[in-house]
Amino acid sequence: MSRTTAIPRSPRLHLTARVAAAVFGGYAFAWGVVAAGASLMFAAGMGFHDAEFLASLFGVLAFLTTFLWAFAARRLWVVWTALAGGGALLAATGSLVQSLLV
């Protein structure tokens with residue numbers, strides 16, 4: 001009989017890693033959403049404060065979604081990869097667009 005999911009050797013360590021992924025990874029991803037969203041909306045012609053406010057709202061929604069997904073996902077390495085990599089990619093996009101605007 002084969003197992004579909006492996007039982008972690010240390011449940012406390014696994015839970016700590018999930019909480020860290022949810023909080024820190026979710027924050028990094030949300031920060032990237034805000035950075036990329038604000039710079040892209042401003043580049044598209046929206047006023048700066050309006051773009052910043054709307055991107056912040058998207059960032060809150062992104063944090064909530066990624067926070068819940070971090071606990072629902074089967075594989076923790078996928079969560080860390082998606083949140084850290086996605087956050088870095090979004091932040092780099094926001095930085096690139098901002099540097100092109102100046």
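How many residues does α3 have, and how far does α3 reach from its first C-alpha to its last? Helix α3 has 26 residues and reaches 37 Å. That is close to the 38 Å expected at 1.5 Å a residue, where the expected span is 1.5 Å times one less than the number of residues. Helices here are DSSP runs (H or I, at least four residues), numbered from the N terminus. The model is predicted: local features need pLDDT of at least 70, side-chain atom pairs count only at pLDDT 80 or more, and totals for chains, interfaces and linings use all residues. Residues are numbered from 1 along each chain as its sequence is written, and side-chain values use heavy atoms, with hydrogens and water left out.

Several residues of α3 are buried, including Leu76, Val79, Leu83 and Gly94. Buried means under 20% relative accessible area (1.4 Å probe, protein chains only). The cover over the buried residues of α3 includes α1 and α2 (48–72).

The largest nonpolar core has seven residues: Ala21, Ala22, Ala70, Ala73, Leu76, Val79 and Leu83. Such a core is a set of buried Ala, Val, Leu, Ile, Met, Phe, Trp, Tyr and Cys residues joined through side-chain atoms within 4.5 Å. At least two residues of this core come from each of α1 (11–43) and α3 (76–101). Helix α3 gives the most, with three. Beyond neighbours within four places in sequence, Val79 is in contact (heavy atoms within 4.5 Å) with Ala21, Trp69, Ala70 and Ala73.

Ser39 lies in α1. Ser39 is buried, at 8% relative accessible area. Its side chain reaches the backbone oxygen of Gly94 at 3.5 Å. Leaving out residues up to four places away in sequence, Ser39 touches Gly94, Val97, Gln98 and Leu101.

Technical notes
Buried means under 20% relative accessible area, exposed over 50%, partly exposed in between (1.4 Å probe, protein chains only). A polar contact is a pair of N or O atoms within 3.5 Å; within protein, one must be able to donate a hydrogen and the other to accept it, and residues adjacent in sequence count only if both atoms are side-chain atoms.
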